[in-house]
Each structure stands twice: as structure tokens, then as C-alpha cells.
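This report covers a helix pair, the domain layout and a set of paired strands. The sequence and the structure come first.

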Amino acid sequence: MKINIGLEIHCQMTGLKSKLFCSCEADYRGKQPNGNICPICLGLPGTLPLLNKKALENALMLSLALNCKIPDVVSFYRKNYFYPDLPKNFQITQYNSYQISSIGSGGTVEFDHKKVRIRRIQLEEDPGRLVYESGIATSNYTLVDYNRAGVALMEIVTEPDFDDPKDVKLFLNKLVSVLEHLGTCDTKLDGAVRCDVNISQENKKKVEIKNVGSFKEVEKALVFEISRQKSFGIKGIEVKSETRHWDDIRRITIQSRTKEEEQDYRYFPEPDIPAAYLGNELINSLTKQMPELPDARKSRFVENFGLSEQNAQILIDEKDTADFFEESLKLYDDAKEISNWFVTDLKVFINEANGIRSLKIKPSHIAELVKLVNQSTISRNTAKQILQQIVKSGEMPSVVMNNLKATKISNEEALIQIVDDVFAKETIAVRDALKNEKAINFLLGKVIQSTRGRADPKLTTELIRKKIASIST
Ligand SMILES: [Zn+2]
């Protein structure tokens with residue numbers, strides 16, 4: 001069964017100071033309900049919206065980053081519908097029809113050697129928020145908070161080019177990294193990104209899942225919805241064209257309302273906002289200001305630092321991790337060894353903490369840890385133990401090492417004594433080792449175990465071999 005999946009993604013511009021058309025604060029979180037509002041974002045009669053220039057520039061930069069075409073003139077439209085969270089009864093947005101284009105169109109994004117087409121990027125305002133005190137299903141009343149109304153959003157619409165939920169996840173990872181590098185949207189903030197997903201089987205009706213509240217939930221919602229549609233097919237029931245809602249507690253999609261058609265919105269040009277002429281000068285200057293984007297950064301990591309594609313990809317997937325890696329490198333120049341920690345042991349902690357900045361370690365910790373291993377002061381196993389402690393405590397590795405008395409034992413005399421003890425205890429293994437090379441590893445393991453990982457493995461192996469040789473002659 002061939003399926004087609006398309007996405008409509010809304011990203012708040014969390015880095016802005018003010019809303020899209022007024023001077024109310026863009027950061028509406030944690031404020032007294034309906035305290036962050038003014039006559040403009042409430043759409044009171046006689047008020048005039050004024051376009052936020054920085055928001056326009058942010059949306060243009062995203063359009064450039066996703067390889068979109070940018071029109072000469074940008075204009076706004078009213079999308080009319082009645083809903084309690086929409087104080088004006090229309091949303092100021094953009095429109096793509098009659099040769100009118102939103103801020104970006106016809107783009108492409110490559111990820112994991114695949115390609116998805118971007119239909120459009122548009123700039124629009126967020127509605128307010130409906131609050132159900134005891135959950136949407138059981139609340140007897142609904143509260144309305146307009147603090148969010150008028151916050152700037154970038155809407156990104158893809159063509160239905162996906163056929164696998166896993167690819168959707170990889171694409172969203174890439175998009176998050178692009179947004180982080182541009183600094184326009186902090187995707188980790190609650191409600192900063194929302195995704196509508198549409199799914200259709202070949203020649204079948206289209207189902208839309210509205211407002212999936214985080215990118216992490218999108219793949220789960222898709223997997224559920226595809227299996228629901230498949231089971232309909234098996235039972236011979238027709239899939240209806242409808243809008244559904246992702247219930248992230250019950251992990252199912254539920255029917256929400258019949259879908260409006262485009263004509264229901266009665267789009268018409270917003271008469272209160274003049275068209276904005278962009279011009280080459282603005283676009284050229286924004287192109288010059290563009291920060292390094294994930295693809296270029298990945299290539300630089302591969303070419304300059306000799307990292308594998310896979311390791312470079314893990315590093316650039318989160319901008320914070322890539323920045324942290326480069327900061328560590330400035331303190332101790334061994335890209336390969338440092339990157340190895342980011343893709344193995346440290347990665348586990350980063351995932352658990354939802355980002356490296358939530359951990360107590362700093363680049364100086366990683367630089368020192370790698371240096372101690374490289375200088376053979378501690379073994380790799382000891383370094384792993386130290387890492388477990390420093391991510392939580394923020395102590396320097398050398399301090400933990402001294403407290404643990406964890407320096408590597410590479411003093412020959414001390415090791416000979418330990419090897420002798422092991423030989424005395426493990427007589428059967430010693431007999432095996434005389435006949436079979438491989439049994440030496442068992443003896444090595446015993447020595448490392450008795451020193452809690454501190455014995456220098458290379459030197460210990462040499463000493464064991466010498467001792468075996470002296471016994472067999
Ligand atoms: Zn306002």
C-alpha cells in the first residue's frame with residue numbers, strides 16, 4: 001500500500017521581542033492570563049497592525065535556508081473563521097494563489113540522502129489559547145487567554161513526499177537543527193512547534209491530524225494512524241476524509257470535526273497592511289548575514305576534523321551539542337577522541353537530560369577527561385566512571401580521579417605483585433593459558449577486575465605473557 005504524508009508545521013519566532021503586528025511582548029509564557037494584550041492584537045475597531053521587520057527577516061532567512069523562491073512583493077491576507085481563541089474572527093496570514101506568493105515557495109530540503117519539496121513558507125499570527133482546567137474531555141467550562149494572540153509564526157508546508165514515518169522524523173530533526181542554527185525558534189519551549197500531518201493512501205481520502213504538540217509525537221501519531229487506516233482496508237471499511245486529533249495520553253487519534261474547505265475561509269487581502277517590497281538589496285544583505293547551517297557545518301566537521309559522516313551528523317543534529325564540541329576542541333585539540341565521547345557515553349546523558357546544557361559539565365571537563373586518557377593517566381574504563389559523576393556534580397575530572405584514587409596503575413613492580421596474586425589463585429586458568437593463547441585474556445580480566453579497572457592493560461598483558469613464558473620453559 002502506497003501512502004503519502006505531508007506536513008504543515010508552525011514554529012513560533014521565540015527569539016523576537018514583540019508580537020508580529022504590535023509591541024506586546026512575544027514571550028507570553030508564565031504571564032498573568034490576558035495581561036500581555038493591547039487593542040491591536042485584540043483587533044479592536046480603529047486599530048492598525050504594523051509589521052515587525054525582524055519577523056519578516058527571520059521568515060526570509062528560513063526561506064533562504066530551505067532553498068525557497070522569494071517574491072519581490074510580500075502581502076498579507078485575512079483568513080476568516082469564527083473560533084473563541086481568535087479575537088478578530090480572522091487570522092492575518094498569507095496566501096498562495098492567483099500568482100500571489102507567500103514569503104517562500106518551491107523549496108527543497110535534503111536529509112539522509114533523500115529529498116522533500118517545500119510547497120510554501122508563510123508568515124502569520126498565532127491565535128490565543130483555550131485552557132481546559134481539567135482536560136479537554138472533562139472540563140465543564142473553557143477559559144480563553146489572548147496572551148499568545150498575535151505572536152509571530154512561520155508556517156512551513158511540505159509536498160506530500162513522505163511515505164515512511166521514520167523519514168518524517170529525520171526531516172523534522174533536520175528542520176529543528178536549521179531553526180536552532182538560525183536562532184529563530186527555540187523548539188524545546190512548550191508549544192513553540194506544532195505540526196499538522198496529512199495522510200492519504202493511493203486514490204483514497206485524505207485524513208488530517210491537527211496540532212500534534214511536539215515533533216517527538218509526530219512519528220507516533222503517524223504510526224497509529226497508518227495502522228488504523230490499514231485495519232479499515234482489511235475490514236473493507238472506507239476511510240473518510242476527516243480531521244483528527246492526536247491524544248498524546250491515550251496514544252490514539254480521535255475524530256475532531258469535519259474539515260473546512262479552503263473556500264470556507266473566504267480569504268481576502270488584508271487592507272490595513274501595505275505590501276512590502278523586498279528588493280535585491282535586502283535579500284543580498286540577509287544572505288550575507290546567514291549563519292553557518294547544519295549541512296555546511298557537517299561537511300566542515302568531516303573535512304577539517306576527519307570525523308565520519310555518521311559522527312558529524314550526530315554532532316550537528318543539535319546545535320548546542322555541536323557548539324559544545326567545538327568549544328571543547330579549542331581547549332584540547334583532538335577532534336576524533338573528543339567526538340567519540342559525544343556519540344557514545346556522553347550521548348546517553350544528553351538524551352536523558354533533553355540537551356547538553358542541562359548537564360553540569362562544561363567543555364573544560366571533556367577536554368580534561370580526554371587529555372587524561374591520552375596521557376595514560378587514567379584508563380578508558382575509569383574515564384567512563386568519572387564521566388558518570390561529573391555530568392551530575394560538575395566537579396573537574398582530575399578532582400574526581402584523585403578522590404577515587406583512580407590513576408592508572410602502570411608501575412611495573414606494583415603490577416607484577418598483582419599478576420602473581422592472580423596466578424596463585426587461578427591455577428586452572430594458568431594451566432589453560434600454557435596451551436591456549438586465548439586464556440591469557442581471562443587472566444588479564446582478573447587483574448583488571450582486582451584493580452577496579454586501573455591496571456594498564458598493555459603492560460599487564462606483557463607481564464602475563466612473560467610469566468607464562470617463564471613457567472613453560
Ligand atoms: Zn498587542
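## Helix pair α15 and α16

Helices α15 and α16 are oblique to each other. The model is predicted, and in it the axes of α15 (residues 439-450) and α16 (residues 457-472) cross at roughly 125° and come within 10 Å. Angles of 65 to 115 degrees count as roughly perpendicular and those over 145 as roughly antiparallel, so an angle between these ranges is classed as oblique. The crossing of α15 and α16 is right-handed.

On the α15 side, the contact is made by Ile440, Leu443, Leu444, Val447 and Ile448. On the α16 side, Pro457, Thr460, Thr461, Ile464, Arg465 and Ile468 take part. Sorted by class, the contact of α15 with α16 has eight nonpolar residues, two polar residues and one charged residue.

## Domain layout

The chain is divided into domain 1 (3-285), domain 2 (314-404) and domain 3 (412-472). Taken over C-alpha atoms, the centres of domain 1 and domain 3 are separated by 65 Å.

## Strand pairing around β3

Strand β3 spans residues 77-80 and pairs with strand β4 (residues 90-93). The sense is antiparallel, and the pairing runs over four bridges. Within this pair, Arg78 has Ile92 of β4 as its bridge partner.

Strand β3 is also joined to strand β14 (residues 268-269). Here two bridges connect the strands, which run antiparallel. Tyr77 stands opposite Pro269 in β14.

Terms used. Residues numbered from 1 in each chain as written. Predicted model: local features only at pLDDT ≥ 70, side-chain atom pairs only at ≥ 80, totals over all residues. Axes fitted to C-alpha atoms, helices over the stretch in contact; angles between N-to-C directions. Parallel < 35°, antiparallel > 145°, perpendicular 65-115°, else oblique. Left-handed = near helix turned anticlockwise from the far one by under 90°. Contact = placed C-beta atoms within 7 Å. Nonpolar A, V, L, I, M, F, W, Y, C, P; charged D, E, K, R; others polar. Domains from an automatic or database assignment. Pairing = 2+ DSSP bridges.
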